[in-house]
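This report describes how the parts of one structure meet. The account begins with the interface of the chains and then turns to pairs of helices and to salt bridges.

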Amino acid sequence: MRGLWNASRESGGGVFPRFQGRGCTFDVNDLAAGSILPDPDAIRRQATVVLATGEQLPTALALLELDGVVRRVVLCPPELTSTQLAAVASAAGADFMAVSDSSATEVPGLAKLVLRTRVRPARIERSASQNTEWVLLTSGTTGMPKLVVHTLDGLAGALLGRATGRRDIWSTFYDIRRYGGLQIYLRAVLSGAPLVLSSPGEPTSDFLERVGEAGVTHISGTPSHWRRALMSGSAHRINPSYVRLSGEIADQSVLDLLRQAFPAATIVHAFASTEAGVGFEVTDGLAGFPASFVSGAGGPAPGRAELRVFDGTLRLRSPRTAAYYLCDGARHALAGEDGYVDTGDLVELVADRYYFRGRQGGVINVGGLKVYPEEVEAVLNADPRVRMSLVRARRNPITGAIAVAEVVPAEAELVARDPPRAARLIDDLLSACRRALPAHKVPALVRLVASLEVTDAGKLVRPSA
Amino acid sequence: MSVRDEIMSTFRRVADAQGRRLAPLSDELKLTECGLDSLGFALVVASLEDSLQVDAFNVSDASAFPVTLGDLIGLYERAGA
């Protein structure tokens, strides 16, 4: 138990990273002589702090100050609504909400900590007294985020003590409050490497220009982030030696496109999820992963997650898996009794390689964001003109997949004979979805159908992808 | 409707549905600056797959990845839409 600050100092050999945001730079070394917290002594050991700072930089700094000091930190991505924020704070038992702007919305019951933009000099003893829990948010079936609890040791895993090149400069398209981005943040913090952070709403070409100017050597994102980068026409502005993809299925086409765009770079696609942690990395430039990764008689290579395929889905057991789900103040297990977490990712063995075939239960991955069909179907089914509906994934070259809906109208025959009535129903359903759901969950297409297939047990037959 | 007209009208429809302001459409307009985000662009492509009945994005050449609206129209025209 060292806390992130001390771990950073030790593994970086006394070198702290520099964070480069949009229009601002912060040398982490400055935190050695002070704090950005308004009153560091006011934060109790048992406190839970929700980090809801909008921009990434204040959270990047606050994590260094709070890990090892408080009981729990909750990382909130910027798109969280105020209703979701209140629900998350309540579920986490939060005491404080750290914000970067004093005008940020109040959440009842939470004391607001307005983080300073500059360090206020103070004598601060940075000693860790506990293993702080790091809470990450992921999509849930109900539209409210699920709280996934990690510890620094689990999150950093193999990164701790791993030397990286002294000249490495990291960046990521991800927000560091998501698992994929947090991995890059920790790599920078634990190696002393500079980190270039994106800004919410920043145009891709502007970000790539900053990344290029900073001389970034290592950069990560989802396949959707990378397609967006290629489409921006500004990919040539960066010259990375290491390109990493995670968070979605990396198909052969995006791997080939990146190979052409960055012929000298090492291109790695990693399997990771907020719950299961980092599973493995694939470095041969091919989609899928070698069958030899799946645990055989010899067991896994040291430090690598153990992989199993059971019932067609990938299972993972590793020290990097999250500790538990936090729900209504209670702990809920993520893993089965054997310690394996079901990732819900369907895989298929072809020759000596496994390929990803979508998600169990029809969960749709739209550009790295999960969509549970049931949540969208609940909105569609709330219309009295709808008998039942099915939301499923459709492949898409930009975001990997999008959601589409099939709807059985209550008066199917009547609607089928009356095209204007059908068009009105579709329009109304799409409007209802737009009002009730974030944009990535709104079906791209609603199709009226006469019936949907139902199993003997009375459940909708869900396609697997 | 020509491929060009279909693409233009799809951009307008998606921008309207998403409540976004579309930049004036021209061949030189960069797709990332047209006013749609990745999701909006994904919706445009999904809609064009249906209306034009082609999967134009089946490209394997990074230099062929569309950057401007003109590139995108060319991609669909070459794909035989």
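In this predicted model, 24 residues of chain A are in contact with 26 residues of chain B, contact meaning heavy atoms within 4.5 Å. Because the model is predicted, local features need pLDDT of at least 70 and side-chain atom pairs count only at pLDDT 80 or more, while totals for chains, interfaces and linings use all residues. Residues are numbered from 1 along each chain as its sequence is written, chains are lettered from A and ligands numbered from 1 in the order in which they are written, and side-chain values use heavy atoms, with hydrogens and water left out.

**Interface of chains A and B**

The size of an interface is often given as the accessible area lost when the parts come together. Chain A and chain B bury about 2,100 Å² between them, and 62% of this area is on carbon and sulfur atoms; buried area is the accessible area (1.4 Å probe) that two parts lose on being put together, summed over both. Of the area that chain A buries against chain B, 29% comes from A:Arg228, A:Met231 and A:Leu257, more than any other three residues supply.

The interface of chain A and chain B also has two salt bridges, a salt bridge being a side-chain nitrogen of Lys or Arg within 4 Å of a carboxyl oxygen of Asp or Glu. A:Arg394 forms a salt bridge with B:Glu49. Over all chains, the structure holds 33 salt bridges. A:Arg308 and A:Asp338 form another such pair, within chain A. A:Arg308 lies in strand β18 (residues 306–310) of chain A and A:Asp338 in the loop between β21 (330–332) and β22 (341–350) of chain A, so the pair ties together parts that are 30 residues apart in sequence. Helices (H or I, at least four residues) and strands (E, at least two) are DSSP runs, numbered from the N terminus.

| Salt bridge | Distance of the closest N and O atoms |
|---|---|
| A:Arg394 – B:Glu49 | 3.2 Å |
| A:Arg308 – A:Asp338 | 3.6 Å |

**Helix pairs**

In chain A, the axes of helix α9 (residues 373–381) and helix α11 (residues 419–436) come within 9 Å and cross at roughly 125°. Axes are lines fitted to C-alpha atoms, for helices over the stretch in contact, and angles run from 0 to 180 degrees between N-to-C directions. A:Val376, A:Val379 and A:Leu380 of α9(A) make the contact with A:Leu429, A:Ala432, A:Cys433 and A:Ala436 of α11(A).

Also in chain A, the axes of helix α2 (residues 56–66) and helix α5 (residues 179–189) come within 12 Å and cross at roughly 60°, which makes α2(A) oblique to α5(A). Here A:Ala60, A:Leu63 and A:Leu64 in α2(A) meet A:Leu182, A:Tyr185 and A:Val189 in α5(A).

In chain B, the axes of helix α1 (residues 3–17) and helix α2 (residues 38–52) come within 9 Å and cross at roughly 140°. The helices α1(B) and α2(B) are therefore oblique to each other.

Technical notes:
Parallel < 35°, antiparallel > 145°, perpendicular 65-115°, else oblique.
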